[in-house]
Amino acid sequence: MLLDIRNLTIAKDTPTGRVNVLERVNLQINEGEIHTLVGESGSGKSLIARAIMGFLSDSWHIQADRLWFEEHDLLNLTAKQRRAIIGVDIAMIFQDAKSYLDPNLTISEQLQEAVLDQDLTGGFLARRKQRKERVVQLLHRVGIKEHSNMLESYPHELSEGAAQKIMIASAIAHRPKLLIADEPTSTMEPATRQQIYRLLAQFHARYGMSILLISQDLGAIMKETERLTMIYSGQVMESGNTRELLDQPHHPYTEALLNTSLYRQAQRPPRSRLPTLAGTEPSMQHLPIGCRLGPRCAYARPKCVQTPGFSKKRDRGFACHYPLNLEDDA
Amino acid sequence: MSRYLLRQLSLLLVTLWLLTLLAFSLGHWFSGDFITNTSGIFPEDIRFAETAEARAAEAGIVNQYTAYLGHLFRGDWGLSLLDGEPVFEQIALRFGATLEIALIAFVIAIVLGIPLGVLAALYFRKAVDHTILTISLSGYSIPVFWFAQIAILIIAIQWGLVPIAGQINPLYEITPRSGSIILDILLEQPEHMTEALHSAFLHMILPVCILAIMPMMLIIRLMRNSMLDVLSQNYITSGYAKGLSIARVLWNHALPNAMQHVMRQIGALISLLITNTMIIEVIFSWPGLGSWLVRSIYERDYPVIQGGLLVISAVILLITIALNIFHAWRYPQVRKDLYGAN
């Protein structure tokens, strides 16, 4: 197990009291696995990523039975220990890549920062030369052939796709074991998105790198995704093998999301109503008690005011008192 | 970049030309005779007829302006109506004295202000931040002239730690060459040089410190706000994501970007500094441009007013344009905003 998160709860103090923005989240990622985390905006997906990276400020209260990366407990690291992991074994790329590049430095300068001293040998000048060579290699690896032009460019001169490639180049500088991709393609058109996904799939195949992909949309995930985790309003609804989960969703939330997908729509008679979930996502001030999907769930019964436990069945996990599609197993 | 450079330089030239036009017009607008106003020579003087001829008194306003420009470029800026000293030489001598305290004060303001601002931003809403903010707010609110007099009263008179006014103890007999007292002592090489430098240093402490307060407080606030803004930017996060230490993220990414906002405000800060320098010079009898100009305004010393205005405006203008050019040269996206290319 590469990343092991058990019962992760992240809370924030608000004027009306402490709110569990993320509640008892479980997430496991194996070596060499592409894992996609799907949830609407505000569901806390990025919060998980930030908790792993250690980006959350003191105003967030993090609690977990386990937040482990390999044998490191990510909750109890000194700054120095964290730096030995973050940027080396765990790397991250972001949505809106351009804003993650320093506007006043050239691409070459920013990529050189990602090359760590420990990978270089020799004196100051020799290291400088190696660093520049490594940067050119990195650019070639992400498919940027005209490196001389790119090296002297500033971020504002790049397209969104090119900026994301630079971010990827910087992230893979140390062949990380885990790459967290936080909606890396949400602002791109489908062609560029496929390019970026192809690139990620390539590094996954070549280095055996695990990828935690965070996405808003079931329709825009990597086709190589092996496992899916569905998150709604800070609670994990369901997780499991991609194919099985999409074929036989156990959780009403997954079912509802699938109903809105293009594929299922094509099977319905023309002009029929799109079967969306009733209502809107709850705000952090008015979270439902128990299962947070409750008020919107077509299958909800009184018992749903108790938070359902996370039941595991073979490779699948779900948090629902009344799961769907379980008859065949019995 | 070269196009921007040309545009800034042409702006400089046009503004300088307008300044000469204004200074020339002042000669006509002031009460009294135009020739006396610009040259400082009274009609009773035997040189008056000759001067009137040279300044084209009877030849129409265009010729007068050309003659005025000619005198301006030759360094003949007229004589002071009060003491008959040549204005240009006086300016050259006093400019050094003004520059000396203004520059030292500015350096102090930057060297202390920027780290304090960064510190306040790093400890946002903690005790350190509150302390620095409170001090900077009160420091900024206290008027310079009041503060200067209180400081003289307590530090110079009550405690007797430093002299009250002046540039140096007159016993040292330093002949002014550059106007800057430290430079003058080094040029003069007097017998007791260390003591002379010590005396000059003691004289300088109070005016320089009081002068430094206002820009320093401003720089602290500017730096804090700009640093807070930069620290919340995404590229800071990605610095940490690369595994850089806090120090490296601050030094490589936060500081340069935060300085960009501060640099933009420094031009405005310098005109404030120059205004304050004049007040300080009057209070501390510092023999600089400011005290001399203030006296000339009281005494209706028209040639001095014209010359002094020209020099001070030109200096502020030059600094502003130099800052603009630096800004465009240093920051690529500014260049892009300016004319859409590199």
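Trainee: What makes the residue just after H4(B) stand out in its phi?

Mentor: That's Gly75(B), whose phi is positive, about 85°. Bear in mind that this is a predicted model, in which local features need pLDDT of at least 70, side-chain atom pairs count only at pLDDT 80 or more, and totals for chains, interfaces and linings use all residues. As for bookkeeping, residues are numbered from 1 along each chain as its sequence is written, chains are lettered from A and ligands numbered from 1 in the order in which they are written, and side-chain values use heavy atoms, leaving out hydrogens and water.

Trainee: Which residues of H4(B) are buried, and what do they pack against?

Mentor: The buried ones are Gln64(B), Tyr65(B), Ala67(B), Tyr68(B), Leu69(B), His71(B) and Leu72(B). They pack against helices H1 (2-29), H2 (34-39), H3 (48-54) and H13 (302-330) of chain B.

Trainee: H13 of chain B holds Leu323(B). Why is Leu323(B) called buried?

Mentor: Buried means under 20% relative accessible area, exposed means over 50%, and partly exposed is in between (1.4 Å probe, protein chains only). Leu323(B) has 17%, so it counts as buried. Leaving aside neighbours within four places in sequence, Leu323(B) is in contact (heavy atoms within 4.5 Å) with Met263(B), Ile266(B) and Gly267(B).

Trainee: And His250(A), why is that one buried?

Mentor: His250(A) has 3% relative accessibility, so it falls in the buried class. It sits in the loop between helix H8 (242-247) and helix H9 (252-259) of chain A. Beyond its neighbours within four places in sequence, His250(A) has contacts that include Glu238(A), Arg316(A) and Phe318(A).

Trainee: What makes the phi of Asp96(A) worth a mention?

Mentor: Most residues other than glycine have a negative phi. Asp96(A) isn't glycine, yet its phi is positive, near 55°. It lies in the loop between strand E7 (90-93) and H3 of chain A, and at 34% relative accessible area it is partly exposed.

Trainee: Why do Lys177(A) and Asp89(A) count as a salt bridge?

Mentor: A salt bridge needs a side-chain nitrogen of Lys or Arg within 4 Å of a carboxyl oxygen of Asp or Glu. Here N to O is 3.9 Å, and the pair passes. Lys177(A) is in the loop between H6 and strand E8 (178-182) and Asp89(A) in the loop between helix H2 (79-85) and E7, so the pair ties together parts of chain A that are 88 residues apart in sequence. Lys177(A) is partly exposed at 34%, whereas Asp89(A) is buried at 17%.

Trainee: How do you know that Glu133(A) and Lys129(A) are about one helical turn apart?

Mentor: They are four residues apart in helix H4 (residues 124-141) of chain A, which means about one turn. An α-helix has 3.6 residues a turn, so residues three or four places apart point the same way.

Trainee: What is the area buried between chain A and chain B?

Mentor: About 2,000 Å², of which carbon and sulfur atoms give 53%. Buried area is the accessible area (1.4 Å probe) that two parts lose on being put together, summed over both. Asn104(A), Glu113(A) and His156(A) supply 33% of what chain A buries against chain B, more than any other three residues. The contact takes 22 residues from chain A and 23 residues from chain B.

Note on methods. Helices (H or I, at least four residues) and strands (E, at least two) are DSSP runs, numbered from the N terminus.
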